[in-house]
Structure formats: C-alpha cells, structure tokens
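Visitor: I'd like a close look at one part of this model, please, and then at what lies around it. Let me start with a single contact.

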Amino acid sequence: MQKYLLSKKVAYKRVNFKKKYLKNKLRMITGKNYIGNKLSAKGNKTFTTFNPELNQENESVFTEATTEEINEAVSLATKAYKEYSKISGTKKAAFLNAIADEILALDDVLIKTYCSESGLPEGRANGERGRTVGQLRGFANLIAAGSWVDATIDKGDATREPQPKPDIRKLNFPLGPVVVFGASNFPLAFSTAGGDTAAALAAGCPVLVKSHPMHAGTGELIATAVIKAAEKTKMPNGVFSNLNSSGIEVGQKLVSNSGVKAVGFTGSIKGGRALYDLAAKREEPIPVFAEMGSINPVVLLPKALQNRAVNIATIYAGSITVGTGQFCTNPGLLLGIKSEGLTTFVHTLSEEIVKINPSVMLHPNIKKGYLNNKEKVVSQKGVSVTANFTEDVKANYAQQAVVTVNGSEFLKNTTLHLEVFGPFSMVVQCENEAELENVIDHLEGQLTGTIIADDNELENHTNIVNALQNRVGRIIFNGVPTGVEVCESMVHGGPYPASTDSRFTAVGVGSIKRWVRPFSYQDWPNNLLPDELKNENPLGILRSIDGKKSTEKIN
Ligand code: NAP
C-alpha cells in the first residue's frame with residue numbers, strides 16, 4: 001500500500017512538473033515581431049488569438065508590426081539576399097535541416113499552442129508537424145543534391161560559319177525577398193515555415209512572413225525555431241523575419257514595398273486577388289503565387305452509381321466532414337446524371353452525414369463565413385436541403401449540410417459555384433451527359449477533380465475526362481480529393497481561381513520553381529561561373545549539355 005501511495009505521489013509530482021514546465025515554456029511567446037534576428041514591438045496596436053474549443057481568448061498579447069519595422073525587415077532581407085543567394089546548396093540544406101530540428105525541439109509547447117489557437121486535435125497537430133518537418137528535409141535533400149537548378153549548357157563553337165557560336169550557360173537564380181502569407185487552416189504546413197517558406201529559402205530567397213493572426217503564437221514559436229537555426233548555421237541576419245498583424249495593412253505594406261520581389265499566399269479568393277492586383281499595380285509588378293478557393297468537383301459516373309451508390313456515399317460523408325470541411329480540397333460539388341443510383345447516393349449521403357458528430361471550426365470568423373455562405377447558397381432558387389444537422393452544437397462547432405440542385409439552375413446561377421468553406425457539399429443533378437459536360441465546362445478553375453467510375457466506364461466517357469482536365473490541376477480516379485501527398489509529382493494548383501498561375505504547384509519540391517528566374521551567362525570565364533555551370537562539374541550534378549542530359553565534365 002505504502003509503495004502504491006509513493007508511486008502515486010511520484011506520478012503526481014511528475015504531472016505537476018510537466019504542467020509547470022509547459023507553462024514556463026509557453027512564456028516563450030513574447031508577442032513581438034522578429035525583425036531579422038531581433039525581437040521588436042514598437043507599435044501600440046495589440047491583439048490576441050482565440051481558442052475556439054474553449055470559446056475564449058488566449059493569454060498571449062501580440063503587437064502588430066509598424067511601418068518602421070516592416071521597412072527595417074525588408075531592408076535587412078534585401079541585404080541578406082546579396083549573400084544568401086550565393087550560399088551553396090549544402091549550406092542552405094544545413095539551415096533547412098536545422099529549422100526542422102528546432103521545430104521538433106519545441107515539442108509539446110508547439111502542439112499545445114497549435115491546438116489552443118485552431119481547435120484542431122492533437123493528432124492533426126502531430127501529423128502537420130511531421131509534414132512540415134518532412135517538407136523542410138525534402139527541400140534540403142533537393143538543394144544538397146543540386147540538380148534542381150536545371151543547369152543547361154550550349155557549348156560555343158568559334159569555327160561556326162557565318163557567325164561563331166557563343167558559349168551560353170543557364171541556371172535557375174533566386175528572385176529576391178519573398179513575402180509569405182500563412183494560411184488559417186494549416187498553422188504549420190502552409191504557414192510560417194510551411195511549404196512556401198521552405199521552397200523560397202531553398203531557392204535562395206530571404207523570407208518575410210506575414211503571420212496569420214489566428215495562430216500568431218504558433219507562428220512566433222516557429223519563427224523562433226527558424227531564427228535559432230539561422231544563427232546556428234550562420235545565415236545572414238534578415239534571411240527571415242516574422243511580422244504580426246491583426247488586419248490587412250501589414251500585408252498590403254509588405255506587398256507594396258519595392259524591396260519585395262515575390263509573394264506566396266494561401267487563403268480566400270478575395271484576399272489572394274486583392275494582393276495579386278496590388279502587386280500588379282506596383283511600379284515594378286511582381287508575381288503573386290496565390291492558392292485560393294476550390295470546390296473540387298467529383299463526377300459520379302452512372303455505372304458506378306448503379307453498382308455501389310451506398311458505399312460511395314458513405315465514403316463521401318467522411319470526406320466532406322473531415323477536418324470540419326476546412327480543407328482546400330474539400331469535395332464541395334458532386335456531379336451526376338439523374339438516375340435511381342444518384343437518388344440512392346443523395347439519400348445515403350444525407351443519412352450518413354448527419355450521423356457524424358459535428359466538430360469545431362478554426363475561429364468564430366471562419367464559422368461566421370461558413371454560416372453566411374451556406375445561407376447564401378441555400379437561399380438560391382432551385383436549391384433543396386437534403387441533410388442538415390439541426391441539433392444544438394457547442395459554440396464554433398459547424399453543422400454539416402448537403403443540398404441538391406438541377407444542372408440547368410447550376411448553369412444559370414454562378415452564386416451556386418461559391419466555396420462554402422466547411423462541412424458542406426452540393427449535388428448537381430444533370431438531365432443527361434451533355435448537360436454534365438456543359439456544367440464541367442462552365443466551372444471556374446479548381447485544384448482537383450475526381451471521377452468515380454466502374455471497370456471500363458472511363459473509356460466510354462472521355463469527353464467528361466477531357467472537360468475535367470481543362471478545369472483542374474489534379475485528377476483523381478475512384479478516391480477522395482482530401483489528402484494531398486507531398487511528393488515531386490504532386491500538382492497542388494490549377495486554373496484561376498484555384499491559383500493565380502496554373503503553371504506551378506504549391507506542394508512538393510517542384511514548388512521551388514516559383515521563386516527563381518532563368519539566368520544565362522554568355523562566354524563567361526569558367527573560373528567565375530557558379531559551380532553548377534563550371535566545366536569540371538565539381539558538384540557532380542545532372543546537366544543538359546548540347547541537348548543531352550549527363551553528369552559529365554566538359555573538356
Ligand atoms: P484570408 O481571409 O484570405 O486571409 C489570409 C491572409 O491574407 C491573412 O493573413 C489576411 O490578413 C491576409 N489578407 C486577406 N485579405 C487581404 C488583403 N486584401 N490585403 C492584404 N492582406 C490580406 O483567408 P483565411 O483567413 O485563411 O480564411 C478566411 C476564408 O478564406 C475562409 O473562410 C475560406 O473561405 C477561405 N480559405 C480558403 C482556403 C482554401 O484553400 N481554399 C484556405 C483557407 C481559407 P488578416 O487576417 O490579418 O486580415
């Protein structure tokens with residue numbers, strides 16, 4: 001008994017120690033901006049983050065960056081660029097790996113802060129941290145290997161007639177300081193040291209993060225990890241800054257600043273488009289790579305519906321509600337041709353979706369947006385609500401819904417194409433295949449398109465496949481669009497408004513290409529060329545030499 005009491009006492013002490021330790025660690029959040037390596041809070045505009053699960057404000061107070069601090073951060077980034085753009089791939093790789101290590105070292109404090117600022121569960125926090133660290137290490141491997149610069153060499157020929165041929169050598173060169181706008185729905189993987197930041201740092205561009213106000217504490221912790229890594233690996237001061245804001249002004253000032261050379265954004269169409277227009281109006285326009293809205297159409301082909309409508313509907317009830325529907329790849333639009341199979345699908349989906357327990361949204365403002373947009377769509381002519389979770393839910397929890405509309409109404413009314421960010425989906429019931437194709441042709445650009453089909457069914461609907469290919473960045477066969485694999489072949493982008501430039505992806509190492517420009521050296525002395533282009537190929541990278549890919553030296 002005594003032994004039992006003793007071990008209980010020890011366990012109690014341990015828990016208390018852990019609580020105290022966490023509390024102390026949480027005090028790591030200062031609420032200040034990082035202007036390069038220095039913490040700074042010169043302004044007087046402050047704000048707090050919000051715990052949507054507890055429906056209360058979090059403790060830490062954040063100070064918005066002033067114009068003076070913004071200008072100082074950009075000026076440091078401009079100076080840092082001169083050195084950082086020339087740093088070797090292996091040194092930059094060490095920096096990215098050190099960021100990953102420092103993020104992992106944040107341990108519980110990061111996870112707790114993430115959950116308290118987003119309402120997202122611990123499992124999701126751990127998963128997203130793993131993805132963030134994986135992305136950083138993936139870019140580190142890419143730049144350490146070196147071939148990503150696309151070194152291309154056309155050897156000169158002094159004997160060519162009538163004109164000698166010059167020696168031309170090309171590689172990818174970093175654009176300059178990049179502003180990254182963190183996303184509300186991915187506090188780690190698409191925010192402070194998320195995909196955009198990792199890709200820009202890998203390319204050789206300093207990064208200025210416009211921290212997302214909904215998870216400013218998570219942002220500051222990650223910024224601390226980046227700064228520590230920068231200091232440990234001796235990166236120039238200004239290679240990274242983190243700026244707080246509770247409104248749009250800080251972002252606008254950053255994008256308008258002439259020292260900034262490109263922008264990465266994930267969020268709403270309204271926000272992304274405003275920043276794109278602002279950047280285009282500058283004396284020196286700059287690229288804005290914005291990943292914005294998408295309703296991710298899912299085409300349900302007739303045979304599949306005839307054979308397994310119930311199974312498909314059950315899977316989709318899960319996909320629509322996962323993460324409270326707060327994914328850019330959420331299936332918000334389900335398209336089919338009127339049939340018994342489609343009726344069974346709608347019926348089962350409506351039954352299954354209301355069985356799922358509602359979950360919390362990221363922030364009261366996101367919930368407000370969900371309710372407003374849902375109401376806007378539901379109140380349109382021809383829309384029927386087939387499922388609506390009507391029981392009372394806790395504050396900031398979202399009630400899932402499914403609606404239906406005819407193909408002809410959908411074609412007439414573009415309000416029905418609105419992204420309802422949350423656990424919501426619309427089934428469009430088309431009269432026939434021609435109407436289905438017409439509906440797809442009239443969709444705005446999308447991140448993904450999915451086709452649910454039975455054996456040999458795709459071959460009989462190539463018109464539908466082709467129509468979908470024209471509107472989306474990624475096409476999925478017999479799956480769900482939620483879940484974006486981070487790999488080299490992934491395309492996470494698509495025709496406008498899914499993204500502002502459909503030629504690039506926001507996920508995977510290929511996203512590095514957004515932050516570089518091609519640059520040529522003509523007849524440049526070999527010893528003054530970057531290593532990637534030198535005759536000796538000291539890095540041993542894969543290059544294109546007179547049209548042939550090889551790792552060979554040039555004699
Ligand atoms: P957001 O409102 O577009 O904001 C994203 C970031 O951009 C925030 O830091 C915001 O600053 C800034 N911003 C927005 N408009 C701006 C402007 N005109 N000028 C300068 N900066 C601007 O997106 P969100 O906060 O992530 O979520 C809001 C809504 O966006 C959601 O309800 C959802 O509809 C949509 N969303 C879509 C996706 C998607 O992948 N499709 C992902 C996330 C969100 P402040 O917050 O400081 O104002």
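Which kind of ligand atom lies 3.3 Å from a polar side-chain atom of E291?

Guide: An oxygen atom of the ligand lies at that distance from E291. Before going further, keep in mind that this is a predicted model, in which local features need pLDDT of at least 70, side-chain atom pairs count only at pLDDT 80 or more, and totals for chains, interfaces and linings use all residues. Residues are numbered from 1 along each chain as its sequence is written, and side-chain values use heavy atoms, with hydrogens and water left out.

A side-chain N or O atom of K210 is 2.8 Å from a ligand oxygen, while a polar backbone atom of M292 sits 2.8 Å from a ligand nitrogen. In total, 24 residues surround the ligand, each having a heavy atom within 4 Å of it. S184, K210, S268, M292 and C328 are the closest.

Now for strand β8 (residues 207-210), where V209 is found; strands here are DSSP E runs of at least two residues, helices are H or I runs of at least four, and both are numbered from the N terminus. V209 counts as buried because its relative accessible area is 1%; buried means under 20%, exposed over 50%, and partly exposed in between, with a 1.4 Å probe and protein chains only. Beyond four places in sequence, V209 is in contact (heavy atoms within 4.5 Å) with V180, T192, T197, F240, S241, N242 and L243. P358, by contrast, is 149 residues away from V209 in sequence and 33 Å away in space, C-alpha to C-alpha.

What about the nonpolar interior? In soluble globular proteins, nonpolar side chains tend to be buried together. A nonpolar core here is a set of buried Ala, Val, Leu, Ile, Met, Phe, Trp, Tyr and Cys residues joined through side-chain atoms within 4.5 Å. The largest such core has 105 residues, and F95 and I99 touch the most other members. Helix α7 (residues 216-232) gives this core its largest share, nine residues. Apart from residues up to four places away in sequence, I99 touches L136, A193, L201, V226 and A229. There is also a second, separate core of 23 residues, with V179, V263, L275 and I286 among them.

Helix α10 (residues 302-321) is worth a stop too. At 1.5 Å times one less than its number of residues, a straight helix of 20 residues would span 28 Å, yet α10 spans only 25 Å between its end C-alpha atoms. A kink of about 95° is centred on R308 in α10; the bend is the angle between axes fitted to the seven residues ending there and the seven starting there. Buried residues of α10 include A304, L305, A309 and I312. The partners of the buried α10 residues are β12 (297-300), β13 (333-337), α11 (340-353), β16 (424-430) and β17 (446-452). Just past α10, G323 has a positive phi of about 60°.

How values were computed:
A polar contact is a pair of N or O atoms within 3.5 Å; within protein, one must be able to donate a hydrogen and the other to accept it, and residues adjacent in sequence count only if both atoms are side-chain atoms.
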